[in-house]
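Student: Could you take me through this structure one feature at a time, giving the general idea before the particular case?

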Amino acid sequence: MEQRAPRDVRMRLVEVVGRDVIAADAVTLYLAAPGTRQAPASYVPGQHTTLALPVGGNILYRTYSLCSDGQTSRPWEIAVKRQHGGAVSTFLCEQAQIGTIVRASKPEGAFTLPRPLRPDMPLVFVAAGSGIAPIYGILRSLARLAPSARPRVQLHYASSSYADALFADELDGLDPPHRWLHSWHYLADEGGELSAPAVLRKTAPLTTGAHWYVCGPGSLKRDMVEALAQVRVPARNIHVEVFGNEVDLLPTVADSAPMASRIRLADSGAMLETRPGETLLAALERHDYAPPYDCRAGTCGVCRLRMVAGHVRNPGAGDLTPAERAARYVLACVAQPLGEVTLATAEPRRAEGLRVQSGSRTALTLTLRVWAAAAAIALYAGAVHLAQSASQAAHQTSAGTAPATSQPTPKRGTGASSITTTPTLTVPTTTTGVS
Ligand SMILES: Cc1cc2nc3c(=O)[nH]c(=O)nc-3n(C[C@H](O)[C@H](O)[C@H](O)COP(=O)(O)OP(=O)(O)OC[C@H]3O[C@@H](n4cnc5c(N)ncnc54)[C@H](O)[C@@H]3O)c2cc1C
Ligand code: FES
């Protein structure tokens with residue numbers, strides 16, 4: 001089927017201008033405005049971009065955090081960990097080359113440093129697997145600050161092994177004397193376990209006064225958020241980005257059982273047919289509507305639409321409030337119609353349709369994300385070649401899954417000066433150091 005360009009001004013063409021293999025199953029890709037070495041758009045470290053890639057006749061959207069430091073004179077950097085059987089990560093790791101052109105959204109997200117950032121504001125970062133990506137970008141931006149402006153920082157980073165740890169050496173290189181950055185590496189193959197109690201033991205007495213940044217699978221989010229709430233860390237100081245899948249895997253068009261579904265729009269009376277397995281968002285876009293969206297992963301809430309009648313699979317991926325559920329809002333990026341569904345409108349006015357990270361979830365910048373979101377809208381033809389995506393391969397546990405043993409261990413494989421084993425929670429108060 002011929003692919004048509006979507007009515008989406010938020011997507012722009014970006015060119016792969018560099019590629020580094022950073023681990024056995026991971027690459028860093030450098031993305032620039034085509035023909036340049038400039039960032040395709042400005043961003044704040046910690047934000048993410050959504051790539052749109054044509055795979056097997058569909059457009060697949062996947063979100064990747066920027067791990068660069070915010071300078072627009074340089075390309076964006078994304079670190080992609082290949083998922084076994086994962087369509088897009090396999091392509092990006094194995095086939096994306098310098099010169100490859102893809103479409104990318106403007107960077108979004110609230111997993112960013114507090115503003116204003118004060119040097120007396122401790123920061124604690126907790127990452128698992130590829131969850132280190134946005135945190136690495138934030139830490140790089142902190143490294144560029146004047147020492148007097150830099151807060152004290154702790155990093156707790158879990159990996160399955162040293163070989164799998166992304167940016168391990170680069171992280172240690174940010175502050176070799178450990179003047180402002182103190183890191184713990186939890187390596188599962190050496191018995192390290194990143195657990196909430198283990199982290200909290202190391203952060204006191206900074207715990208309640210710190211801003212917390214947690215990035216990894218949903219299980220890490222749950223454990224950390226619960227533990228932080230118990231020790232009364234204010235919700236506004238907890239920032240969470242989740243890479244893991246907490247909703248049912250969305251079947252692709254190809255592997256879904258055929259189901260006659262359609263969307264009726266109450267405001268216009270329009271009737272739109274949907275394809276099996278298609279999300280509301282994908283179906284609306286295919287019919288040239290432009291509902292708002294950001295993550296396309298069921299967490300930011302931007303794509304919520306009000307359902308007047310009918311039923312959907314994955315209505316809200318756990319991210320809608322009870323009041324929103326009662327009002328029959330659904331998240332269009334993950335909800336799939338089951339039979340005929342009536343929506344109040346496809347393109348809600350900002351006041352109705354955009355939650356814009358407000359209310360309780362601003363304080364807890366909870367962006368629970370999912371892995372899979374097959375979408376069947378049209379984009380540009382022939383920009384990239386994804387036809388051989390390895391979607392049937394064996395599945396593996398997420399690289400971000402926290403390891404399952406009990407003691408944190410310093411990372412190995414580098415000199416002693418790079419092993420951060422600060423044994424207590426007390427972090428030096430001096431902030432003179434590297435810049
Ligand atoms: C905000 C955000 C930021 C992110 N940042 C990063 C980042 O910096 N780096 C990074 O590497 N990732 C990041 N991700 C994850 C990324 O968006 C992708 O989800 C990831 O790369 C996997 O995509 P994929 O297409 O390769 O895998 P998919 O094809 O979506 O598959 C994911 C997994 O599900 C399995 N699977 C697929 N279909 C089925 C099925 N029908 N039945 C059973 N299992 C199935 C696959 O085998 C695979 O293991 C981020 C996600 C979010 C939400
Ligand atoms: S676009 Fe973020 S929840 Fe749907």
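The dialogue below moves from confidence to cores, a helix, a sheet and some backbone details.

Tutor: This is a predicted model, in which local features need pLDDT of at least 70 and side-chain atom pairs count only at pLDDT 80 or more, while totals for chains, interfaces and linings use all residues. Residues are numbered from 1 along each chain as its sequence is written, and chains are lettered from A and ligands numbered from 1 in the order in which they are written.

Student: What is the average pLDDT of the chain, and which residues stay under 50?

Tutor: pLDDT is the predictor's confidence in each residue, from 0 to 100. Where pLDDT is low, the predicted coordinates should not be read in detail. Here the chain averages 77, and 73% of the residues score at least 70. Residues 1-7 stay under 50, and the model has 15 contacts for them beyond four places in sequence, a contact being two residues whose C-beta atoms, placed from the backbone, lie within 7 Å. The pLDDT is also below 50 over residues 245-257, a stretch with 39 contacts in the model beyond near neighbours in sequence.

Student: How many residues of the chain count as buried?

Tutor: A residue is buried if 20 or more other C-beta atoms lie within 10 Å of its own, exposed if 12 or fewer, and partly exposed in between, with C-beta atoms placed from the backbone. By that criterion, 51% of the 435 residues are buried. Among contacts between residues at least 6 apart in sequence, 79% join residues at least 24 apart.

Student: Which residues of the largest nonpolar core touch the most other members?

Tutor: A nonpolar core is a set of buried Ala, Val, Leu, Ile, Met, Phe, Trp, Tyr and Cys residues joined through C-beta atoms within 7 Å. The largest one has 79 residues, of which L53, I78, F125, I135 and Y213 touch the most other members. Its largest share, seven residues, comes from helix α2 (residues 132-143), and at least three residues come from each of domain 1 (12-104) and domain 2 (123-246), the bounds being taken from an automatic or database domain assignment. A second, separate core of 29 residues includes A282, Y293, C295 and L331.

Student: In what order do the strands of the five-stranded open sheet stand?

Tutor: Two strands pair if DSSP finds at least two bridges between them. The order is β13-β12-β16-β14-β15, with mixed pairing. Because β13 (271-274) and β15 (329-331) each have a single partner strand, they stand at the edges, and one side of each is left without a neighbour in the sheet. Four bridges join β12 (residues 261-265) to β16 (residues 336-343) in parallel, with R262 partnered by E340. Four bridges also join β12 to β13, which run antiparallel, and R264 stands opposite M271.

Student: Which residues of β13 are on its covered face?

Tutor: In a regular strand the side chains alternate between the two faces of the sheet. In β13, L272 and T274 form the covered face, whereas M271 and E273 form the uncovered one. The hairpin of β12 and β13 has five residues between the strands, and G269 in the turn has a positive phi of about 80 degrees.

Student: Where are the cis peptide bonds from R115 to P116 and between A204 and P205?

Tutor: The bond from R115 to P116 has omega near -5 degrees, and P116 is in the loop between β6 (101-105) and β7 (123-128). The bond joining A204 and P205 has omega of about 5 degrees, with P205 in the loop between α4 (196-203) and β10 (211-216).

How values were computed. Helix = DSSP H or I, 4+ residues; strand = E, 2+ residues; numbered from the N terminus.
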